[in-house]
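Trainee: I have a structure open and would like to go through it piece by piece. Can we start?

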Amino acid sequence: MKIYEELTRRGLIAQVTDEDRVREFVDDGKATFYIGFDPTADSLHVGHFMALCLMKRLQMAGNKPIALLGGGTGMVGDPSGKTDMRKMLTKETIDHNIECFKKQMARFIDFSDGKALIVNNADWLLGLNYVELLREVGAHFTVNRMLAAECYKNRWDKGLSFLEFNYMIMQSYDFYTLYQKYGCNLQFGGDDQWSNMLAGTELIRRKLQGDADAMTITLLLNSEGKKMGKTVSGAVWLDPNKTSPFEFYQYWRNVADADVLKCLRMLTFLPLEEIDDMDRWEGSQLNKAKEILAFELTKLVHGEEEAQKAQESARALFSSGAAANMPESVIHTADLTDGKIDLQGILTVSGLCKSRSEARRAIEQGGVAVNGERITDLKKFYEPEQINKEDFVLRRGKKNYRKIRFED
């Protein structure tokens, strides 16, 4: 099976400009392609992870990846998928975040011997002359067409700044530059980037009479249509200091039954035939599939040793024997407020904290987890049905556990 067919069967391809041409490029290993990463934090997260896996797959098929770090675009902020303007970052913060990204990317992409490149668009964007840009590039963009783009239409209610309005032009200029400097003929990105990517191919056609293509990756959504990779306490990070290997493992171990096969196809490197066999699994077998998913993804991000540790810890903690022998605390109706109880209340009722103020500090310091997921939201509430749905294991620190249940 060639790589384009594999990407299709894994459900990774959303939109493509010229399917026949792109298929030929990537199947023959002739694509020099790029994916952009704006350094908005000091760690990559699960949304980036999917893009990195795609780069790895295409590199394994002989194609050349370019990881474009947004030292320039990061100073503006992409409005795509956002209802509010992004927080503006200083150049020092952006530079720090870029260095963090580089280290993490090296776990996925082989940058040796020119097999892949890391470039920073600050190298060409920050030195642009504004009037020159308007004349050379701005003349090829119509405001009517830009305003029709989904990434801008979604911002009408709250307002779109002129700063963000320029993002499409900057991203297009990136593709235009990479095409000239490195022969980059293909851009990949999330499905919400389609308008920006098309603008880049059009700029190359108008300015250079060249053929360049774009392909979007299917967004990783759960069965409820929500983006995956977020928890109540925030993003699922690839940095082990922000999301521990155990928490990372537990996130994937706890995905919904309806999502596990899709995640196995889109994110792991397991053979499709092996995953297709799991389509017939049901009941307790789906828990096995979730274990496989969690192990494979933790291994990709943190290495096999950490994946093994996370799996062993999870099995020991959540096995029936461990749950049965774990100290147990009971929440009663009298402990509820308006039919629910906050996490601070559970910590104090369970005895893991002596007071609500102690519980608050423990949560704020990141020392509290529910079923392996770190919780930092002081307003997190639980209803009795959530507590009794399955084993509800509360942890404070590294070794203090309670199994929580509700009784009337």
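Trainee: Which residues of H11 are buried?
Mentor: Keep in mind that this is a predicted model. The buried residues of H11 are Trp194, Asn196, Met197, Ala199, Gly200, Thr201, Glu202, Leu203 and Ile204.

Trainee: How many residues does helix H11 have, and how far does it reach?
Mentor: H11 covers residues 194-208, which makes 15 residues. From its first C-alpha to its last it reaches 21 Å, close to the 21 Å expected at 1.5 Å a residue.

Trainee: And what follows H11?
Mentor: Gln209 does, and its phi is positive, near 55°.

Trainee: Where is Asp113, and is Asp113 buried or exposed?
Mentor: Asp113 sits in the loop between H4 and S4. Its relative accessibility is 72%, so Asp113 counts as exposed.

Trainee: Where is Asp338, then?
Mentor: Asp338 is in the loop between strand S9 (328-332) and strand S10 (341-342). Asp338 counts as exposed because its relative accessibility is 76%.

Trainee: What holds paired strands to each other?
Mentor: Strands of a sheet pair through backbone hydrogen bonds, in either the parallel or the antiparallel sense.

Trainee: In which sense do S2 and S5 pair?
Mentor: Strand S2 (residues 32-37) and strand S5 (residues 186-190) pair in the parallel sense, over 2 bridges. To find one of the partners, go to Phe33: its bridge partner in S5 is Leu186.

Trainee: What about S15, what does it pair with?
Mentor: Strand S15 (residues 400-407) pairs with S9 in the parallel sense, over 5 bridges. Ser329 has Ile404 as its bridge partner in S15. S15 also pairs with strand S14 (residues 392-396), in the antiparallel sense and over 5 bridges. There, Arg396 has Asn400 as its bridge partner in S15.

Trainee: New topic. How many disulfides does the structure hold?
Mentor: The count is 0 disulfides. Cys53 is in no disulfide, and the nearest cysteine sulfur, that of Cys263, is 12 Å away. Cys100 is in no disulfide either; for Cys100 the nearest cysteine sulfur is that of Cys53, 20 Å away.

Trainee: Is Cys53 buried or exposed?
Mentor: Cys53 is buried, with a relative accessible area of 1%.

Trainee: On to H12. Where is Gln250, and is Gln250 buried or exposed?
Mentor: Gln250 is in helix H12 (residues 245-253). Its relative accessible area is 3%, so Gln250 is buried. A polar atom of the Gln250 side chain lies 3.3 Å from the backbone oxygen of Asn371.

Trainee: And what is Glu247 in contact with?
Mentor: Leaving aside neighbours within four places in sequence, Glu247 is in contact with Gly372, Glu373 and Arg374. Glu247 is in helix H12 too, and counts as buried at 7% relative accessibility.

Trainee: Where is Glu373?
Mentor: Glu373 is in strand S12 (residues 373-374). Glu373 is partly exposed, with a relative accessible area of 27%.

Trainee: How far apart are Glu373 and Leu186?
Mentor: C-alpha to C-alpha, they are 38 Å apart in space, and in sequence they are 187 residues apart.

Methods. Residues numbered from 1 in each chain as written. Predicted model: local features only at pLDDT ≥ 70, side-chain atom pairs only at ≥ 80, totals over all residues. Heavy atoms only, no water. Helix = DSSP H or I, 4+ residues; strand = E, 2+ residues; numbered from the N terminus. Expected span 1.5 Å × (residues − 1). Buried < 20%, exposed > 50% of the residue type's maximum accessible area, 1.4 Å probe, protein only. Pairing = 2+ DSSP bridges. Polar contact = N/O pair within 3.5 Å; in protein donor to acceptor, adjacent residues only side chain to side chain. Disulfide = S-S within 2.5 Å. Contact = heavy atoms within 4.5 Å.
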